[in-house]
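Dear colleague,

I am handing over the structure we spoke about, and below it you will find an account of what came out of the analysis. Please read it with the model open beside you.

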2 protein chains.
Amino acid sequence: MTLPRRSHPRPLDLKHGRVDLTHGGGGRAMAQLVDELFVAAFDNEVLSQGNDQGAFDVTAGRMVMSTDGYVISPLFFPGGDIGSLAVHGTINDVAMAGARPIGLSAGFIIEEGFALADLERIVISMAAASKAAGVPVMTGDTKVVEKGKGDGIFITTAGVGMVPPGIHISGDLARPGDVILVSGSMGDHGVAVMSQRESLGFDTEILSDSAALHHLVAAMIAAAPGIRVLRDPTRGGLAATLNEIAAQSGVGMEIGEQAIPIKPQVLGACELLGLDPLYVANEGKLICICGPADADAVLAAMRAHPLGVDAAIIGRCDADPHHFVRMKTAMGGTRVVDWLAGEQLPRIC
Amino acid sequence: MTLPRRSHPRPLDLKHGRVDLTHGGGGRAMAQLVDELFVAAFDNEVLSQGNDQGAFDVTAGRMVMSTDGYVISPLFFPGGDIGSLAVHGTINDVAMAGARPIGLSAGFIIEEGFALADLERIVISMAAASKAAGVPVMTGDTKVVEKGKGDGIFITTAGVGMVPPGIHISGDLARPGDVILVSGSMGDHGVAVMSQRESLGFDTEILSDSAALHHLVAAMIAAAPGIRVLRDPTRGGLAATLNEIAAQSGVGMEIGEQAIPIKPQVLGACELLGLDPLYVANEGKLICICGPADADAVLAAMRAHPLGVDAAIIGRCDADPHHFVRMKTAMGGTRVVDWLAGEQLPRIC
């Protein structure tokens, strides 16, 4: 993204205007969009340098980089929109290494004809999420594709962060006997999006849990630097994410159905929609696996944070050679919680 | 991108298979695509850690981050494809700060029904470009959108790199009297893509110049650490990029038409296609601005590098208060080389 400083004859018509191919063409129209919308909203020193890169100083240490594309439909949903989601989601992927996020990049792929008013709403939401999290959008890019070759807007963010010295968190570090915790209720995001998509009217509106978890992670690490695994259960939900970790670490897991926090209205909506809440995406929750000696400290640190008040211990890792995730059901039986085989919820993030 | 280690009942059908929504769903099909295609092709230690982030060590210093989305059409063109372009383009944006690129992230947005064979061809090309450049793809993400909601494949890469101590290169540092150089012939990429798109058959095939410029930049910096501005003239070509720098630095520029290297077959194709080569995108060329005392050393360093053999001094910066870019034409007159006003070449990168 190039940000020369210059004036434009007429300001962008953010009320009635639409994105056209010139906004991605590298010329004056793109420069105006960048100046009047992106740079104005994101409003930070790095981006305002006006170069094709954002520059920042780092200390020596371990760094992580992560990226996610956001293709969520609808673009606006209860509790968030594609803009705030694209900030939160990538901050969370960085934070799940125990890292302190430094900054983000943002690449926009916009369909010709997209309303500038919607673009403005999304960019302002992104900027607000970025400022609230203290993680600036340092560099970006805008492309425009012809009408019918996209779907409104797709956003791909990448993020970088520094891992504090002595912290080593990775999906392959779970060991038999380790304790499995979640930071709060499961399924809120997916159900919020699906109920919007299906135009279901519930008595109580279910909001996406979309949130940046890096401060929660920092508090957990301060309480227990030996945390072994952190991962946010997004696409595929708790079930897919636990299976990933089990396979990666070479352990089995046993979780208790009754221990998993799920809001009654989410459960009810899942019944209506024919969904299993264990497979429904979350965007502001994390799974933590730690040694048994750390579990109480981690749980207390989570519950003391606004984004972890409903945190719970939901199970333990064991030495199952099949690396199955098993669940003790409320009825007293045990079932295998398998990988999600097919596509349960397309374009949920 | 999550990379649990596990086996899949049947390998992906890379010959006849197609991408479907399950490949973006967060479950087993996505894990298989990631394991058997992405991780296998990119084949590097960071990615193989199997986490949602790539981790790497950095020394203290100045870092840059950059991103670009690639929506080029057609996906395969003479001299490259969207995969190699997505590697080269983002390496170049990092290198234009004088930085040594460390690694890339890659976010894929794929349209349902896209042939797995094409995806494999693109990923293998990306991996080859990444390995040749010595810049690994450290982390990634895959999303799938419904048929008709995308256009085959879009790729957004981000990159990070370290700026060597003492180097400060930025678009706002050009000063009156500074010398303007280009690293080679202008317009090759855009003309190669457009001739493919328009199914023009030329006697001599024109190849995209798509290439990673970080080694060229390192050689230039070694010769002249005081280089002031580097920028790659992509969308909008030489004309738009010079105007950006002129506005950002608050200088005017005068360039000589006859000094600008353009291949005869590119000139001919531009006439056929009704294009002005000064506005046509390049993907393996750079503009350099340096103080007059450094110009000979920079030019010699460029010409000594395989990607700079046709390098040339094309003009100088001056104190024009309008920040115009003016060109002495071959006919002896002078014309203003304006910003690109509209969309000349949609989806050229």
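Between domain 1 of chain A and domain 2 of chain A, eight residue pairs are found in polar contact, both residues of each pair being at pLDDT 80 or more, while the count of salt bridges between these two domains is zero. Please keep in mind that this is a predicted model.

On the side of domain 1 of chain A that touches domain 2, the elements giving two or more residues are β3 (76–77) and α3 of chain A, and it is α3(A) that gives the most, with eight residues. Sorted by class, that side has 12 nonpolar, seven polar and two charged residues.

As to the bounds, the domain assignment of chain A places domain 1 at 18–163 and domain 2 at 178–336, and the C-alpha centres of the two lie 27 Å apart. In terms of contact, 21 residues of domain 1 of chain A meet 23 residues of domain 2 of chain A, and the area buried between them is about 1,700 Å², with carbon and sulfur atoms giving 61% of it. Within domain 1 of chain A, the residues that lose the most area to domain 2 are A:P78, A:N92 and A:M96, which together account for 36% of what that side buries.

The interface between the two chains is the other part of the picture. Chain A and chain B each bring 85 residues to the contact, and the area buried between them is about 6,700 Å², of which 53% comes from carbon and sulfur atoms. Across this interface there are 12 salt bridges; one that you can look up is between B:D68 and A:K143, whose closest N and O atoms are 3.7 Å apart.

Several elements of chain A give two or more residues to the side that touches chain B, among them α1 (28–42), α3 (82–95), β5 (100–111) and α7 (237–249), but β2(A) gives the most, with nine residues. The residues on that side of chain A divide into 33 nonpolar, 31 polar and 21 charged.

Finally, strands also pair across the two chains: β1(A) and strand β2 (residues 61–70) of chain B run in the antiparallel sense over five bridges, and A:A55 stands opposite B:V64 in β2(B).

With best regards

Note on methods:
Residues are numbered from 1 along each chain as its sequence is written. Chains are lettered from A and ligands numbered from 1 in the order in which they are written. This is a predicted model: local features need pLDDT of at least 70, side-chain atom pairs count only at pLDDT 80 or more; totals for chains, interfaces and linings use all residues. Side-chain values use heavy atoms; hydrogens and water are left out. Contact means heavy atoms within 4.5 Å. Buried area is the accessible area (1.4 Å probe) that two parts lose on being put together, summed over both. A salt bridge is a side-chain nitrogen of Lys or Arg within 4 Å of a carboxyl oxygen of Asp or Glu. Helices (H or I, at least four residues) and strands (E, at least two) are DSSP runs, numbered from the N terminus. Ala, Val, Leu, Ile, Met, Phe, Trp, Tyr, Cys and Pro count as nonpolar, Asp, Glu, Lys and Arg as charged, and the others, Gly among them, as polar. Two strands pair if DSSP finds at least two bridges between them. Domain bounds come from an automatic or database domain assignment. A polar contact is a pair of N or O atoms within 3.5 Å; within protein, one must be able to donate a hydrogen and the other to accept it, and residues adjacent in sequence count only if both atoms are side-chain atoms.
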